[in-house]
Amino acid sequence: MLIRSAFETKDSCIHCGARVPQKRALRGSTFCCNGCERVHEVLRQKGWAETYASLRKQDSESSSSNTQLRLGQNTPPINGQYGYLDTEESQSTFSTLLPEGRRRMRFFLEGAHCTACIWLTEKVGQSQNGVESIHLDLSSKVATATIYPTGSFSKVAEELSSLGYIPYPLRTSDQEADIRSAQKAHRSELIRIAITGAAAGNLMLLSVSIYGGLEGPLARSFEWISGLIFLPVLFYGATPFLRHAWGALKIKEISIDLPIALGTLSASIISFINLIRGSGKIYFDSVAGLLFLLLATRTALSRMTERAERSGVTLSSGIPGLVRVKGSPHLTPIEQVQTGDLIEVLPGEIIPVDGTIESGSSEVSVAWLTGETQRFPQIVGSKVLAGSLNETSTLTLRSLASGSQTQLGKMMCEASERNSAKTEFGQLNQRIGKIFTILITASAIGVTLLLSKLGSENALDTAIALVLVACPCTFALATPLIFSRSIAALATLQIFTKRPDALERISRIKSVWFDKTGTLTQGRLRLLEVHPHERQDEAVRIAASLEKNSLHPIARAFIEAADEWDVGQLQTPSHSKEVTGIGIEGTLNGHHYQIRRSSTHSLELKEDGLIRSEVELLRDGIHLASFVFGDEVRSAAIETIQTLQRSGFTVGILSGDSQSAVSTLAKKLGLNPEMAKGNLSPQDKKTWLQTQLRPLFVGDGGNDLLALSSSYVSIALRTGIEASLKIADFAVISNSLDSLETILFVGQKTLRALRFTLLVSLLYNISAIIAAIQGWINPLFAAVLMPTASTLTLAVGLLTTRNLILKKAIRKELSA
Amino acid sequence: MNSALAIMIPITLAIAGGFIAAFIWSTQQGQNDDLDSPSRKILLDEVETQNQEKTK
């Protein structure tokens, strides 16, 4: 991943629109990175560049999104890497058979985000032989490719990849079932809204004339027809609310659906009774209208959260989906790996299974699993775990367990289970539900007694009608709206949440706990210093040229630095040789170069508690330059922690790394050393968090899964395993620590909006009670008052959530 | 007027029912699943022919 340099020009990349770094611009390049340059060349060769550019222009003009996605990937796609899609086994795992021998496969396209992407995807389908069509659904980013027997899925995937998207084939087994059931649920939601809405509209038509004064047998017949139309509303439209209210009651909870269900049921029953009696008031139109509005806003909110979730999260769980099985010519999907298979893992790759080493020895980093940054050499016979990183040389493993049977897999299962136990809307819903249920029941009883004392007839009638009018419909309508707005606002900043009540919870936290590696630090090896200073560009260029084809983390860091500092063209060395554990050597321009661990060595703890390692570059045996590598503390870390402490939160660090490293870092960041806890296992973190009062946990990586799911609120940053994004309350795709402040800010604003809306709602309820006592409540009253109050509350909801992130952005500009 | 209404109202309800049936049918067909991409796809043909004119 490139980091934007401070010196960016006003030139925009002609492919993706991002800024072109100054050094590249000086070279005459019009692209922001190698990825975009490569993709643009592909487009140009195919003759698609013009149309693509006009579509991108249209898109950026019409949409207000400020996502400047980098479309090309920086690492070129490996040739033949999708070959496995054409094999027999893969056909059944990934594709479905259609009539006439055609096959259909779905891909999740990472990087697809605009109209031009739809067009490109379709173009790929049109231009390849044997492909019937490729259709991209933009909101789910799923491309569906249908091919004839003559076509090839691997070619489709390769071409999509060359255009800058990463295609992840979706497995038919789990995905298909999930997709289909989600689809069915969506469809019945829509149908329910349609039927309730159509009924409500027609009921209103029929009641208008009665409100206008119609009487007699005609009015009676209208009432009977209304009753008929109302039946599907009661038995189909109202069922979600009745079911939720009942479900909550069974576990002795009161949710906001209970007062709604009570109001609906009592109004319906009294209306039917009065209909049969032939006298008294009926409320079919009001109930239907209320249910329609409630269904519509709830569906809108759930679609919003779903969309936000899909935009943010990629499908990979960090563990590679494809592995190299010895003896197989191409990559194998991980489900097809069996215990006892021999698997090859190259340096720089993540180990895909739990296994024992058959041959090779290498340094393996378990940072993602335990948070420890020390690397230990592993030799033949030792056991390695899925999810750890193979750093220095190739290993051949005998597979012991894969997928959900691995340690990591089991951790994820446990975390997922705790995850689904957290209900949506939990806290707020229950409290409001209790308030309103008590209020309504008490007032209904009170009004009945009062009215009968005063000698007014129909006291019971009025009381039941009161239950309908006083129901928290206003609040129940405004809440989804407020949450949708907040969630959408955060989504524009690449922060995603699936649980609306997380916004409420984040405003109530008392303490903030950070993971160390990857959260407070960058989480990867970077080139930090070069000695001597004067020739650093040239030294880096030579080093990166030598390391061009190595997968070692240090090699990658060299190449990244070379690209970022733009040191010039890398050469290909002749006779290069990598010696594991020692270094790399090669010949360039007639000189023999070596890169190896510095003799003055090596792993030391600096004043920020982070490990450094040093390598040196030798030319013909003579020391030329030395390089210092290490993980870096994020620049935003100090500021964020200080802001949090000033706001009155208790701040601390929870890490699997050694206590001394954590304490040193804590000192540097200005934290109370007692708040820095090291040597913690995932279980330890969970236990600690459970002793805290309303903690917020910020983390990433596999070792944080348990902590993320058991903390009161949690935020996941995108450096580690993607699975953590699914488990946490908030997922920060942009991987920036500043987002913490934004989330807190939006959470507070949301809470304030909710409280204000609640106040308005309660005022409305009190007026309804007063009206009941006055004897004003009748169907006309209900039909007019309820929609008016609902609209008013919706307006309040809209007003209190305007400019959610704008103000914050302005504040930042002013203080910068 | 009563006889007129006696015919009108059932017809109205029948028409309403017809529309609901049509909506249910189209939803089961999947026409309401993806409401975003089709709206953008309309523009694609237009832009493509525009560019073909330009390059001719």
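Here are a few friendly notes on the aromatic contacts in this predicted model.

1. Let's start with the overall tally. Searching the whole structure over all chains turns up seven aromatic pairs. One of them joins Trp48(A) and Trp119(A) in an edge-to-face arrangement, with 6.3 Å centre to centre and 75° between the planes. This pair links distant parts of the chain, 71 residues apart: Trp48(A) sits in the loop between α2 (34-46) and α3 (49-62) of chain A, while Trp119(A) belongs to helix α5 (residues 115-127) of chain A.

2. Trp48(A) has a relative accessible area of 8%, so it counts as buried. Trp119(A) is buried too, because its relative accessibility is 3%.

3. Next, have a look at the phenylalanines. Phe230(A) and Phe284(A) make a tilted pair, at 4.8 Å centre to centre and with 35° between the planes. Phe230(A) is in helix α8 (residues 217-237) of chain A and Phe284(A) is in helix α11 (residues 284-312) of chain A, so their pairing ties together parts 54 residues apart in sequence.

4. Both partners of that pair can be checked for burial. The relative accessible area of Phe230(A) is 0%, so this residue is buried; Phe284(A), at 2%, is buried as well. Ring pairs also bring in Phe272(A), giving a cluster of Phe230(A), Phe272(A) and Phe284(A).

5. Finally, two charged side chains deserve a glance. Arg192(A) lies over the face of Tyr236(A), 4.5 Å from the ring centre. Lys677(A) lies over the face of Trp688(A), at 4.7 Å from the ring centre.

Notes. Residues are numbered from 1 along each chain as its sequence is written. Chains are lettered from A and ligands numbered from 1 in the order in which they are written. This is a predicted model: local features need pLDDT of at least 70, side-chain atom pairs count only at pLDDT 80 or more; totals for chains, interfaces and linings use all residues. Side-chain values use heavy atoms; hydrogens and water are left out. Rings of Phe, Tyr and Trp (its six-membered ring) pair if their centres lie within 6.5 Å; planes under 30 degrees apart count as stacked, over 60 as edge-to-face and the rest as tilted. Helices (H or I, at least four residues) and strands (E, at least two) are DSSP runs, numbered from the N terminus. Buried means under 20% relative accessible area, exposed over 50%, partly exposed in between (1.4 Å probe, protein chains only). A charge sits over a ring if NZ of Lys or CZ of Arg is within 6 Å of the ring centre and within 35 degrees of the ring normal.
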